[in-house]
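Student: I have a model open and want to learn how to read it. Can we go through it feature by feature?

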Amino acid sequence: MSRAVFAKTARDSWLLGLAALAAILALEAAIARMLVTAGETLDRWQPVLELPLVRNFVHLIMGADLLGDLSPTALATFGMAHPLLWVLAWTLLIALGTGVLAGEVDRGTADVLLTLPVSRASIYLSTSAVMLALTVLVSAAPLAGLFVFNRVFPLNAPVDFARLAPVSVNLLALNLAVGGLTLAVSSACSRRGKAVGIVLAVLLISDLVNLMVQFWEAARPLRFLGFLHYYRPLPIVRSGRLPPGDLTTLLTLAAVTWLIGLWHFRRRDIPAA
Amino acid sequence: MDAIATHGLTKQYGTQVALRDLDLRVPEGRLFGFLGPNGAGKTTALRLMLGLLRATHGRAEVLGRDAWRDGPTLRRDVGYLPGDVRLYPHLTGAATLGFFNAARRADAGPEIRRLTQLLDLDVRRRVRDYSRGMKQKLGLIVAMMHRPRLLILDEPTTSLDPLMREALYGELRRVVAEGRTVLFSSHTLSEVETLCDDIAILRDGRLIEQERVEVLRQRALRHVDVRLGPGRSLATPPPAGLEISHAGDGYLRATWKGPVQPLLDWLAQGGVHDATIAPPDLDDLFLAYYATGAVEQAP
């Protein structure tokens, strides 16, 4: 790994990383505040949660039916499953992953970067190390935010954070898979816009598959294609255990895509900008 | 030893051949001009030598190492200026040089200061605020700061003012005097002619000539203008090598190829009032190469 490339990538991305973390913490503050209100007026919310559309949507993001277990810990799980969390984390990962590999080629700076006495693998590793650090931070931030803001806006009963903690591990695996995919696509593209477009398209299609599965029984065989099929926070909270199958799938996807990216980046042509 | 040796180097994009069977040898310690019209394959060849592109066939050896396989090791001793230099716009000139110095693990501080002074560059400003010429100067410093054994420059004088061009020429001559090698890609014929010891010419992805400048000069045409004294005429026939384009009214305009002595002897036989024999014009020779790719060999 090149320390200089790592330091430069970290310097270039800290502001974006900080902004994503701040946004996630702000979101958790809003969710913690909202949960207090929701907990106090649960009777009024119950019929809404029973609506098929809402029920399916909650099932989509939480990985299970919320009804029947409206404990404070189950409600707090919403703070680990809000779609905006994925938007923020994935925006950061896509911006970083495409900015360094495809972005360098696109801007023409790859010409000077890749003629340094630094191997392409080293540049890829340096970028990956920065991405990994930020992935850990954005994956841990929701739990940390919930923990802090639960003190500021306490629910009527204590939240069991020991049961929420494994969800962060599942979220980390999910984000690593998205990061790996981003690096694989970025390493193969010479235009940053194209790389961003491909990753967004894959994520959008994956989420659409998950959505379809919730509303259309015939689409159920396709559910394995959706990223969110492997991120089900509520069952983890209820069982208190990590799902080995989901984790294995996400981490394998992360490792395979990361390796494909490395393999391709080492071999590819770098065209003039 | 050759600083660069390519063996049947070929780069193909689908059915399009960008570079075909390039066998080029750049001897160490020379200022080597790499000429060719736009799209001739110069940049492709340079990118193959730097490991930015992978050859379809053949190989490139740079400083005795395989350009693709041993890229990171050999690039310690190579400096490169791309034709269209792009650097990080948000960094200052000083931060840019600091980054490249750190990435090379070089201790190039004194050399950076010397080159910055030589090229008169303000490194406190951000690259995004630099003019094109300033970016070019920064790119040159990045390429030269670690005193590489081989300097590959793609159109290095683009955007430089005449004063800076002269400063760069002086610096490149100094580099070569130290035994280091410069590969200088350009399509400005005059600067290659005045600066380089050897020249290679590429056209349509093929190497069509590689020769010492001195040898090419002997093959080049000289423009000859002769004014005869009143009522005088030149002996006939004219010597081989003289191509007369105008003769009459006591005036002769022609081109001459080869050593000048036979021409001088012929002129001395006639009543010449005034004569001008211009230095060999490599521009004409190069343009002929560019246009046809084949030039009749000089005697």
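Student: What should I know before I start?

Tutor: This is a predicted model: local features need pLDDT of at least 70, side-chain atom pairs count only at pLDDT 80 or more, and totals for chains, interfaces and linings use all residues. Residues are numbered from 1 along each chain as its sequence is written, while chains are lettered from A and ligands numbered from 1 in the order in which they are written.

Student: How many residues does helix α1 of chain A have, and what span does it reach?

Tutor: Helices (H or I, at least four residues) and strands (E, at least two) are DSSP runs, numbered from the N terminus. The expected span of a helix is 1.5 Å times one less than its number of residues. Helix α1 of chain A covers residues 3–40, 38 residues in total. From first C-alpha to last, α1(A) reaches 52 Å, close to the expected 56 Å.

Student: Where is the kink in α1(A) centred?

Tutor: The bend at a residue is the angle between axes fitted to the seven residues ending there and the seven starting there. In α1(A), a kink of about 45° is centred on Ser13(A).

Student: Which residues of α1(A) are buried?

Tutor: A residue is buried if 20 or more other C-beta atoms lie within 10 Å of its own, exposed if 12 or fewer, and partly exposed in between; C-beta atoms are placed from the backbone. The buried residues of α1(A) include Val5(A), Ser13(A), Leu21(A), Glu28(A) and Leu35(A).

Student: What do the buried residues of α1(A) pack against?

Tutor: Two residues are in contact if their C-beta atoms, placed from the backbone, lie within 7 Å. The partners are α4 (72–76), α5 (83–100) and α8 (120–152) of chain A, together with α3 (93–103) of chain B.

Student: How do I describe one such helix pair?

Tutor: Two packed helices are described by the angle between their axes and the distance between the axes. Axes are lines fitted to C-alpha atoms, for helices over the stretch in contact, and angles run from 0 to 180 degrees between N-to-C directions. α1(A) and α5(A) pack at about 175°, with axes 9 Å apart. Angles under 35 degrees count as roughly parallel, over 145 as roughly antiparallel, 65 to 115 as roughly perpendicular and the rest as oblique. So α1(A) and α5(A) are roughly antiparallel.

Student: Which residues meet there?

Tutor: Among them are Leu16(A), Ala20(A) and Ile24(A) in α1(A), and Leu85(A), Leu88(A) and Leu92(A) in α5(A). Ala, Val, Leu, Ile, Met, Phe, Trp, Tyr, Cys and Pro count as nonpolar, Asp, Glu, Lys and Arg as charged, and the others, Gly among them, as polar. The α1(A)–α5(A) contact has 13 nonpolar, 3 polar and no charged residues.

Student: How many residues does each chain give to the contact between chains A and B?

Tutor: Chain B gives 21 and chain A gives 20. On the side of chain B, α3(B) has the largest share, 4 residues. That side divides into 13 nonpolar, 2 polar and 6 charged.

Student: Which non-glycine residue has a positive phi of about 55°?

Tutor: Asp120(B). Asp120(B) sits in the loop between α4 (109–118) and α5 (132–144) of chain B. Asp120(B) counts as exposed because it has 11 C-beta neighbours inside 10 Å.
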